[in-house]
Amino acid sequence: MRRLSLLLVLPVLLASGNAFADGEVQKLMTPADKARLGSYGETRRKALETARSGDADAADLKVLDAVLSRPIVAFSDKDLTGNWQCRSIKVGGHFGVLVIYDWFRCRVSDDGSGWALEKLTGSQRTKGRFYDDSARRAIYLGSFFVEGDPVKPYGSGPKTDQVGYAFRTGDRAWRIEFPAPYYESALDILEFRR
């Protein structure tokens, strides 16, 4: 059984191009971000409950439900590099129960050590890297910045540090879920499409 499991996981590890879940991401992640990921399930549940029980626009709720209902698939056979459209969905928190932004431009690159993301347009941006967590989930460590401001490296503090789980939902779609971001909401979702 163990050999079969290894044979099933090996293609994922070879094809992903990400830094492997060998503890590297745990060494890089701040204690605050470890805590945020540790509370991910509860944070997500409460944020979605707030959106669904509040006065969110019915059309926005339909978009949110469509995004979250897509089945999660493995990253193993896909290369995320290239240009993407991306939009932020802010759920719960001080900003309101549910806010869906317009589409902006993002790019994923691979410098040989794994995938890196940069949001290229819009006032709120992110820049960071992905690390394997499982065959169907990656961890994103990045830095939040405002257009025109310098990008601080991950680990610079709670106002800029970002952590989230990335999920692939099809050949041309994926998302990152950021639990308890520093600004505005209880859960941020960054949705991607080709």
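**Figure 1. Helix α5 and its buried side.** The buried residues of helix α5 are Leu61, Leu64, Val67 and Leu68, where buried means under 20% relative accessible area, exposed means over 50% and partly exposed lies in between, with a 1.4 Å probe and protein chains only. Seen down the axis of α5, these buried residues fall within an arc of 125°, so they line one face of the helix; the arc is that of the directions from the helix axis to the C-beta atoms. An α-helix has 3.6 residues a turn, so residues three or four places apart point the same way. The face of α5 turned away from its buried side carries the exposed residues Ala58, Lys62 and Ser69. Helix α5 (residues 58-69) has twelve residues and reaches 16 Å from its first C-alpha to its last, close to the 16 Å expected at 1.5 Å a residue, the expected span being 1.5 Å times one less than the number of residues. What covers the buried residues of α5 includes α4 (40-53), β1, β2 (98-100), β8 and β9, with contact meaning heavy atoms within 4.5 Å.

The views come from a predicted model, in which local features need pLDDT of at least 70 and side-chain atom pairs count only at pLDDT 80 or more, whereas totals for chains, interfaces and linings use all residues. Residues are numbered from 1 along each chain as its sequence is written, and side-chain values use heavy atoms, with hydrogens and water left out.

**Figure 2. The chain as a whole.** The protein has five helices and nine strands, which are DSSP runs (helices H or I of at least four residues, strands E of at least two) numbered from the N terminus. Along the sequence, the elements follow the pattern α-α-α-α-α-β-β-β-β-β-β-β-β-β. Of the 194 residues in the protein, 43% are buried. Among contacts between residues at least 6 apart in sequence, 55% join residues at least 24 apart.

Figure 3. In one of them, the rings of Trp84 and Trp174 have their centres 5.8 Å apart and their planes at 85°, so the pair is edge-to-face. Trp84 lies in strand β1 (residues 82-91) and Trp174 in strand β8, so this pair ties together parts that are 90 residues apart in sequence. Both Trp84 and Trp174 are buried. The rings of Tyr140 and Phe178 have their centres 5.9 Å apart and their planes at 85°, so this pair is edge-to-face. The pair links distant parts of the chain, with Tyr140 in strand β6 (residues 137-146) and Phe178 in strand β8, 38 residues apart. Tyr140 and Phe178 are both buried. Ring pairs link Trp84, Phe130, Tyr140, Trp174, Phe178 and Phe192 into a cluster.

**Figure 4. Charges over ring faces.** A charge sits over a ring if NZ of Lys or CZ of Arg is within 6 Å of the ring centre and within 35 degrees of the ring normal. Arg194 lies over the face of Trp84, at 3.8 Å from the ring centre, and Lys119 lies over the face of Phe104, at 4.3 Å from the ring centre.

**Figure 5. The disulfide between Cys86 and Cys106.** The structure holds one disulfide, defined as a pair of cysteine sulfur atoms within 2.5 Å, and this bond joins Cys86 to Cys106 with an S to S distance of 2.1 Å. The torsion about the S-S bond of Cys86 and Cys106 is about 80°, so the disulfide is right-handed. Cys86 lies in strand β1 and Cys106 in strand β3 (residues 104-110), so the pair ties together parts that are 20 residues apart in sequence. Cys86 is buried, with a relative accessible area of 0%, and Cys106 counts as buried at 1%.

**Figure 6. Surroundings of Gln162.** Gln162 is found in strand β7 (residues 161-170) and is buried, with a relative accessible area of 14%. Not counting residues up to four places away in sequence, Gln162 touches Asp33, Arg36, Thr126, Tyr140, Leu141, Gly142, Ser143, Phe144, Tyr154 and Phe178.

How values were computed. Phe/Tyr/Trp six-rings, centres within 6.5 Å; stacked < 30°, edge-to-face > 60°.
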